[in-house]
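Keep the structure open beside you as you read.

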Amino acid sequence: MNHFFHHSLKELKKHTYDYLLLFTTGIFFIIFLKLFQGDRFYTFITVLIFVFSYIIWGIFHHAKTRTLHIKNVVEYILIGFTILFLLQILLNY
Amino acid sequence: MNKFQRFLHHLFVPSYRNNYKSKALHTDFLAYYLIFALLLMITVKNIRSNYPNVLGFATDITSNKLLELTNNERTKANLNPLILNNNLTEAAEKKAKDMFNKNYWSHFGPNGETPWDFILGTGYQYEYAGENLAKNFLFSQGVVDAWMKSPTHRENLLRKEYANIGFAVVNGVLNGEETTLIVQMFGTPTTGLNQSLNQKINPLTQNKNDSITLSGNDMQNILGNSEKRSVINIFSFSIEATYFFLIFFALVLMIDFVIASKLHIIRISGKNIAHLVFIGFILIAIVFILKVGAIL
């Protein structure tokens, strides 16, 4: 666990602004979810925007660090859409 | 290392065997997760449209669980547990159906219908009666918790005069939106001695219990619905599957990240920390998504 925190901090320090952007997006995501709580349509739109923001963040970050590759983009898309489908099940109730 | 250990090692630990990345994070595995989520979503959607009236399907709420939780709260407050009453259950069911038929969400109907009309309509002569309403909750516990947090509903739920209770959990469309209505009805029957007195007491009792509504099915319906719920409990399964996937995925990301960092592996891959941050926010989001209910 110590190794995890040590290496996580190292990574966060190395790309502070990028991760700050991701955290800010996440905080806005939670604020909007709270605002639209109970409204399924707007909650879905909020989740959709967050998933796309995450994918765009991935592309932006890897482009910035010159590690952008189609495999990375596919990875972010697959994770993002898996989560979107799972949340869509919960949103339907 | 036996075959199973080798498989787990291959699945979770980056090494030369899996191109220095946990196999569970390879693109083909990520595609399997996506297919699983997609199939689950389609299955749930199909079951919902084919069996729209299966009680307890849209939510994990059952009448007997609500009864158990209500009586637990009463026992904690040193009050008598309530006995499920067929008439109150029928009244609650009629009330719920009336709300769907006339498209309203209130203790009182658009034509002046009161909760007391539904109770008296079943032949239940009451000395005290009350009603609590809830909609769009996902769990029985959430419903009772919400009622207990509201002073008026709590007062109703913990009224010492009540002896009977009835519940209805009914799915339908309200204001164009699929809704699960929960009606909880309380009552104290009149005794033979004060039968004539009760008619005079009624208006007073109604005022006392204005904020309370109940719902229910008769006993046979409750049992039947509970059986259906236990067979088709895809809702609980989908929530558990979502949690299981998120926790499993987060653990794999953490293991992969620690080992790859320790070994100073340089590879073309997404950022595990970014994925973990994303999953963290999604877990918080689920809490908000699951809390959608309203009480009245």
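Chain B and chain A bury about 4700 Å² between them, with 79% of that area on carbon and sulfur atoms; buried area here is the accessible area (1.4 Å probe) that two parts lose on being put together, summed over both. On the chain B side, the residues that lose the most area to chain A are K271(B), F278(B) and F281(B), together 15% of what that side buries. Before going further, please note that this is a predicted model, in which local features need pLDDT of at least 70 and side-chain atom pairs count only at pLDDT 80 or more, while totals for chains, interfaces and linings use all residues. Residues are numbered from 1 along each chain as its sequence is written, chains are lettered from A and ligands numbered from 1 in the order in which they are written, and side-chain values use heavy atoms, leaving out hydrogens and water.

Counting contacts (heavy atoms within 4.5 Å), 51 residues of chain B touch 48 residues of chain A. Seven residue pairs across this interface are in polar contact, both at pLDDT 80 or more; a polar contact is a pair of N or O atoms within 3.5 Å, where within protein one must be able to donate a hydrogen and the other to accept it, and residues adjacent in sequence count only if both atoms are side-chain atoms. On chain B, the elements that each supply at least two residues of the side touching chain A are α2 (27-50), β4 (177-189), α10 and α11. These elements are DSSP runs numbered from the N terminus: helices are H or I with at least four residues, strands E with at least two. The largest share of that side, 14 residues, comes from α11(B).

Now look for salt bridges, meaning a side-chain nitrogen of Lys or Arg within 4 Å of a carboxyl oxygen of Asp or Glu. The interface of chain B and chain A has two, and the side chains of K21(B) and E75(A) meet in a salt bridge at 2.8 Å, N to O. Over all chains, the whole structure has 13. Within chain B, the side chains of E90(B) and K94(B) also form one, at 3.0 Å, N to O. E90(B) and K94(B) are separated by about one helical turn because they are four residues apart in helix α4 (residues 86-102) of chain B.
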